[in-house]
Amino acid sequence: MPLFVEVALPVPMRQTFSYNVPESVTPVPKKGMRVKVPFGRQQLIGLVIRTSDTCNLAPNQIKSILELLDDEPLLPDSLYKLTAWAARYYFCSLGQMLSQALPVALRKGAAISADTTTFWSVTDAGNAASLDTLKRAPAQKKVMEALLEAEMTQEELTSLALSKPAMKALHDKGWIAKDERTNQIDLSWRDNLELGEEPLTLNPEQAVAVATLNQQSGYHCTLLEGITGSGKTEVYLALLESVLKQGKQALILVPEIGLTPQTISRFKSRFKVKVAVIHSGLTDNQRLTAWRQAKTGEAAIIIGTRSALFTPMAYPGTIILDEEHDSSFKQQEGVGYHARDLAVMRGHLEKIPVLLGTATPSLESLQNALSGRYKHLELGQRAGNAEKVRQGIIDISNQPLKTGLSHALLNEMRIHLDAGNQVLLFLNRRGFAPALLCHECGHLHECDRCDAFFTVHQSLGEIRCHHCGNHYAIPRQCHECGSTMLMGQGVGTEQLAEALAKEFPKYPVVRIDRDTTSRKGALEAHLNAIHKGEYKILVGTQMLAKGHHFPDVTLVGLLDVDGALFSADFRAPERFGQLYTQVSGRAGRARKPGTVLMQTHQANNAILRELMHKGYGEFARAQLNERKQALLPPAWHMLLIRAEAHQAIDADNFLSQVAQFLPQNDEAEVIGPMPAPMDKKAGKFRRHLIFQTKSRNQLQQAFEHALPQIEALPLAKRCKWSLDRDPQDLL
């Protein structure tokens with residue numbers, strides 16, 4: 001009896017591919033197993049979607065599968081349904097969506113189960129030896145110190161970035177030994193949950209929230225809106241305790257890798273269970289190990305960034321999204337899925353509760369909570385004895401600035417620093433200066449491939465475009481007039497940190513942005529030093545604004561807020577409101593009162609005034625009404641079609657033809673084609689077309705109907721085009 005399989009492959013074509021199964025292949029392939037197949041001139045790994053004993057292709061067109069890689073399906077049925085739903089919702093192929101759902105190692109064909117694990121420990125000779133003899137071998141000393149605390153697996157040692165030559169040297173000396181142990185799945189936490197510390201006493205608001213959450217069974221989605229510092233993590237921990245006691249697992253999603261170290265340590269110190277961690281900073285093998293522990297049920301808690309959303313759980317219990325408003329949950333490259341929306345859908349399919357926590361809810365979640373689709377819980381008090389923050393605006397119109405700092409802010413900094421506290425300055429521009437200006441002719445040096453200015457990076461001695469990565473050595477002469485009087489225009493974090501070190505020589509300065517934290521472990525090292533009080537002045541981009549707890553920071557200064565108030569993106573006011581609230585939430589989190597100061601040329605701006613006097617809650621509700629009147633998301637539903645081409649006319653003509661296939665009436669509108677806010681990027685011209693409808697179903701049906709016609713257009717091959725459903729970023 002011949003057998004055929006349909007396989008979903010990680011290619012953009014929205015279809016599956018049929019293959020023949022040779023008799024030599026055993027066991028019989030089932031839905032959800034990986035197979036290696038020939039595809040054109042290459043070999044790809046795909047997932048079996050279904051099997052059948054008939055195939056409508058001619059026998060000479062059918063190729064055979066090369067290899068079956070699994071004995072059992074990789075994903076449970078609920079996750080399979082989730083990827084199928086997401087592929088349809090985001091208009092991509094099932095194969096592309098499924099490859100998002102698998103760890104990279106499995107996509108490359110790694111074995112799903114490991115039989116043994118390598119453990120390293122210190123030998124008797126190592127215990128007897130003195131570490132002082134390793135003064136000249138700091139790398140070896142570091143390995144010994146780590147292993148003297150506890151034995152570790154190869155993965156744990158790799159994650160500590162310990163040097164391999166040092167380990168080999170110690171192994172040769174006989175100070176450390178490795179041993180291979182057969183893997184046994186340890187599920188003891190399900191019967192006997194051990195706590196590592198006593199939970200804190202909850203305040204009345206937290207207690208009500210936990211009681212409400214504990215009463216839920218089956219699928220529920222709850223928005224926990226708690227002001228910064230109101231103790232949301234304590235609510236999560238109390239909820240987790242009851243979930244883990246039922247022998248169920250919890251999946252916790254955080255927006256950035258930077259937030260994972262402190263979240264993990266909070267959870268590990270409270271619960272004596274295995275915590276699996278999944279984010280892009282780990283190696284493929286580390287991620288696969290974590291995925292495996294979650295799938296077998298060995299890991300009780302899974303913490304990760306957006307890609308961890310698809311991690312299978314043997315005993316699903318709950319999904320928690322921390323900082324649900326954060327735009328990092330939306331993937332920008334490739335398949336533009338939103339982890340928050342898919343988490344809610346996953347909860348629905350697995351019949352488990354979903355909790356969205358934030359101080360500054362996104363307007364989408366707020367609308368769902370206000371309309372009754374989600375349950376709405378609020379925490380309005382700061383936990384412990386923390387007081388409310390003092391807020392102020394510094395009007396810098398016509399004021400002399402010293403590297404972007406006004407006299408008023410410098411004086412305020414002096415007061416806080418002399419009192420022994422820490423100061424955080426927030427500036428959302430990395431580099432030394434955002435542009436290179438000629439002092440004689442006024443020429444600004446622009447990237448030759450983008451509509452953007454070069455950023456000056458003094459320490460690297462180069463000018464770099466942050467949009468396409470184009471970079472050159474800092475020029476000596478102006479490209480226009482040949483003058484040598486070139487100066488950085490504006491202030492970036494690098495220049496600000498340098499200036500502060502000169503202004504306050506007694507107080508050490510640390511700078512936290514993408515440039516200073518690109519090395520592995522650099523961010524954790526900086527954060528630990530801040531907690532120990534080694535740095536007094538913190539300068540950073542929005543990496544510093546999110547969820548960190550700095551008890552000694554009493555003054556927060558926002559240097560350049562005007563850029564955030566005027567933007568081509570309709571979400572700019574919402575983003576600014578969230579950012580302002582999050583940054584100001586870093587001040588005065590412990591016993592010390594905090595102050596937040598904003599420098600602006602727009603001292604009377606309505607958005608600033610509303611935020612300061614009424615707080616984010618009322619500001620967001622007013623924004624929601626404005627969006628309803630303007631027929632913008634979340635009131636209406638949006639699909640952004642982007643096209644880019646070497647000739648602007650190709651992109652324009654393609655989108656004009658696309659617009660012809662889309663309906664225009666009272667409940668659907670097409671806007672464009674129009675140039676993107678950054679018209680040219682990396683040498684290509686970019687054009688946008690926006691399709692909006694009143695209901696989500698209308699958008700789905702109208703676009704599904706138009707898609708085959710769009711793909712058949714001859715111009716579709718002349719430009720690169722992509723779809724972004726519910727776009728978070730119009731730039």
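Residue P673 is found in strand β28 of this predicted model, where strands (E, at least two residues) and helices (H or I, at least four residues) are DSSP runs numbered from the N terminus. The peptide bond joining G672 and P673 is cis, with omega at about 0 degrees. For orientation, most peptide bonds are trans, and most residues other than glycine have a negative phi.

Residues are numbered from 1 along each chain as its sequence is written, and side-chain values use heavy atoms, with hydrogens and water left out. Because the model is predicted, local features need pLDDT of at least 70 and side-chain atom pairs count only at pLDDT 80 or more, whereas totals for chains, interfaces and linings use all residues.

Strand β28 belongs to an open sheet of 4 strands in the order β28-β29-β27-β30, with antiparallel pairing; two strands pair if DSSP finds at least two bridges between them. The edge strands are β28 (668-681) and β30 (720-725), each of which pairs on one side only. On average, neighbouring strands of this sheet are turned by 20 degrees against each other, direction ignored. Strands β28 and β29 (residues 684-693) are paired in the antiparallel sense over 8 bridges, and within β29 the residue opposite K680 is F685. In general, strands of a sheet pair through backbone hydrogen bonds, either parallel or antiparallel.

Two helices accompany this sheet. Helix α21 (residues 648-660) lies across β27 (637-645), β28, β29 and β30, and runs at about 15 degrees to β29. Helix α22 (residues 696-711) packs on the sheet and touches β27, β29 and β30, its direction making about 165 degrees with that of β30. Such angles run from 0 to 180 degrees between N-to-C directions, and axes are lines fitted to C-alpha atoms, for helices over the stretch in contact.

Residue A668 is also found in strand β28. A668 is buried, with a relative accessible area of 4%; buried means under 20% relative accessible area, exposed over 50%, and partly exposed in between (1.4 Å probe, protein chains only). Leaving aside residues up to four places away in sequence, A668 touches W636, P663, F691, Q692 and T693, contact meaning heavy atoms within 4.5 Å. The C-alpha atoms of A668 and K614 are separated by 35 Å, the two residues being 54 residues apart along the chain.

A further open sheet has 7 strands in the order β11-β12-β10-β13-β14-β9-β15, with parallel pairing. Strands β11 (275-278) and β15 (375-379) stand at the edges with a single partner strand each, so one side of each is left without a neighbour in the sheet. The twist averages 20 degrees from one strand to the next. Strand β11 runs parallel to β12 (residues 301-304), to which 4 bridges join it, and V277 has I303 of β12 as its bridge partner. Helix α11 (residues 284-296) lies across β10 (249-253), β11 and β12, at about 135 degrees to β11.

Strand β18 (residues 435-438) is covered on both faces: A435 and L437 on one side, and L436 and C438 on the other, are all buried. In a regular strand the side chains alternate between the two faces of the sheet. Strand β18 pairs with β22 (residues 486-489) in the antiparallel sense over 4 bridges, and the bridge partner of A435 in β22 is Q489.

Helix packing is illustrated by α18 (residues 572-584) and α19 (residues 606-614), whose axes come within 11 Å and cross at roughly 40 degrees. That angle makes α18 oblique to α19; angles under 35 degrees count as roughly parallel, over 145 as roughly antiparallel, 65 to 115 as roughly perpendicular and the rest as oblique. The contact is made by P573, F576, G577, Y580 and T581 of α18 and by I607, L608, L611 and M612 of α19. By class, this contact has 7 nonpolar, 2 polar and no charged residues, where Ala, Val, Leu, Ile, Met, Phe, Trp, Tyr, Cys and Pro count as nonpolar, Asp, Glu, Lys and Arg as charged, and the others, Gly among them, as polar.

Positive phi values occur at F91, with about 55 degrees although F91 is not a glycine, and at N398, with a value near 60 degrees. F91 is placed in the loop between α1 (77-89) and α2 (94-101) and is buried at 5% relative accessible area. N398, in the loop between β16 (390-395) and α14 (407-418), counts as exposed at 84% relative accessibility.
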